Amino acid sequence: MARARVALLWVCVMRLALATVYFQEEFLDGERWRNRWVQSTNDSQFGHFRLSSGKFYGHKEKDKGLQTTQNGRFYAISARFKPFTNKGKTLVLQYTVKHEQKMDCGGGYVKVFPADLDQKNLNGKSPYYIMFGPDICGFDIKKVHVILHFKNQYHENKKSIRCKVDGFTHLYTLILRPDLSYEVKVDGQGIESGNIEYDWNLMSLKKTEKSSADSKPWDQANDKAQDWEKHFLDASASKPSDWNSELDGDWQAPLLQKPPYQDGLKAEGIDKDIWLHQKMKSTSYLPQYDLSEFENIGAIGLELWQVRSGTIFDNFLLTDDEEYAENFGKATWGETKGPEREMDAIQAKEEVKRAREEEEEEVMAGRFPGHENPFSRFHRRDEL
């Protein structure tokens, strides 16, 4: 048994050593967070953050995070780290968010930025790679945004992913894998997954671009697609003597039926230079694996609007290891989620008890001399 435990511990240590942690923030060193996070000065009306664990929490120090403090404000703050690329690697974005004020309208999402972000001028127009997290407004909007930047445009997941709307801390995780699969987790449980090409409507965009890039001049002139797999240009043909280029357009050689052949065998009687067929899968779809690859990731931040303030952001993580992210979530949110709810329940009971005592005091106050009888105002109203 002892040997088994040692082996398991060794596996865990090796797993930790293999994981790459690009950014991790728990706000455990008090006000030193201000040396790492930069508040945007783009607008003097931006709201300010403070470090707080809120009115109820699971652990007073571990649950401290960035809390919005002013109602009806935009917020913009960011932290920088060593630039990296997730090309060919899994990327995990994870953090906790707590809408202690029970959000009525506002954002609780984070953004991942390129390394050249101007932190002092961070605003709604600052380019970003990823936007992920909950957004709540009224009865209609209660969703988890998953927006990716691709080909100078922002594309949002077409699926409706519902977010948590209560006042407790919740763990949000986004996993982007190099095989173009993805997963969204809330509180460690997968709530949505699929393929990035399909769920972001990027296939149609890529096909349009591919069709435009691969089109031939004669395709555009005829405005129709040709079956280049089965035909070739007749190199022996010549332009008719009565052909008028101004009236009839540019002349092109006629197409001849391509004889059957096998890969590796040259078709007899046809020069290789006039074959239109290229040895590639032109009739099938080739995945483009840069849909979720970003070359210069270098900052993470909050850029959002809130009607009522009070949201707390904590336990930020960027890594290439799903297991590390899962263990980090268990060691942070997983350890404090239970005690947080217990403290909230105790406070709720105390508030009910206090309200009941105040009500009883008001009733009793009307029975003692020197205190106004609660019904006397009706008599005075009758007298008037």
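**Core, rings and disulfide of a predicted chain**

The protein chain exposes about 23,100 Å², an area from the Shrake-Rupley method with a 1.4 Å probe; for residues, only the protein chains shown count as cover. Carbon and sulfur atoms supply 51% of this area. The model is predicted, so local features need pLDDT of at least 70 and side-chain atom pairs count only at pLDDT 80 or more, while totals for chains, interfaces and linings use all residues. Residues are numbered from 1 along each chain as its sequence is written, and side-chain values use heavy atoms, with hydrogens and water left out.

The secondary structure comes to eight helices and 18 strands. Helices (H or I, at least four residues) and strands (E, at least two) are DSSP runs, numbered from the N terminus. Of the 384 residues, 40% count as buried. Buried means under 20% relative accessible area, exposed over 50%, and partly exposed in between (1.4 Å probe, protein chains only). A contact means heavy atoms within 4.5 Å. Among contacts between residues at least 6 apart in sequence, 69% join residues at least 24 apart.

In soluble globular proteins, nonpolar side chains tend to be buried together. A nonpolar core is a set of buried Ala, Val, Leu, Ile, Met, Phe, Trp, Tyr and Cys residues joined through side-chain atoms within 4.5 Å. The largest such core has 59 residues. Trp37, Ile130, Phe132 and Phe316 have the most contacts inside it. Strand β5 (residues 73-84) gives the most to this core, with six residues. A second, separate core has seven residues, among them Ala19, Leu317, Ala325 and Phe328. Leaving out residues up to four places away in sequence, Phe132 touches residues including Leu93, Tyr95, Tyr109, Val144 and Tyr172.

Aromatic rings were examined next. Rings of Phe, Tyr and Trp (its six-membered ring) pair if their centres lie within 6.5 Å; planes under 30 degrees apart count as stacked, over 60 as edge-to-face and the rest as tilted. By this rule the count comes to 18 aromatic pairs. Tyr22 and Phe84 are stacked, because their ring centres lie 3.5 Å apart with planes at 0°. Tyr22 is in strand β1 (residues 21-25) and Phe84 in strand β5, 62 residues apart. Tyr22 is buried at 14% relative accessible area, and Phe84 is buried at 9%. Phe23 and Phe81 form a tilted pair, 5.4 Å centre to centre with 40° between the planes. Phe23 lies in strand β1 and Phe81 in strand β5, so this pair ties together parts 58 residues apart in sequence. Both Phe23 and Phe81 are buried. Ring pairs link a cluster that includes Tyr22, Phe23, Phe81, Phe84, Trp37, Phe132 and Phe316.

The structure holds one disulfide, defined as a pair of cysteine sulfur atoms within 2.5 Å. Cys105 is joined to Cys137, with S to S at 2.1 Å. The link is left-handed, with -80° about the S-S bond. Cys105 lies in strand β7 (residues 105-107) and Cys137 in strand β9 (residues 130-137), so the pair ties together parts 32 residues apart in sequence. Cys105 is buried at 18% relative accessibility, whereas Cys137 is partly exposed at 30%.

Two glutamines are also buried. Gln306, in strand β17 (residues 297-306), has 0% relative accessibility. Its side chain makes a polar contact with the side chain of Thr68 (2.7 Å). A polar contact is a pair of N or O atoms within 3.5 Å; within protein, one must be able to donate a hydrogen and the other to accept it, and residues adjacent in sequence count only if both atoms are side-chain atoms. Gln94, in strand β6 (residues 91-99), is buried at 2%. A polar atom of the Gln94 side chain lies 3.0 Å from the backbone oxygen of Ala325.
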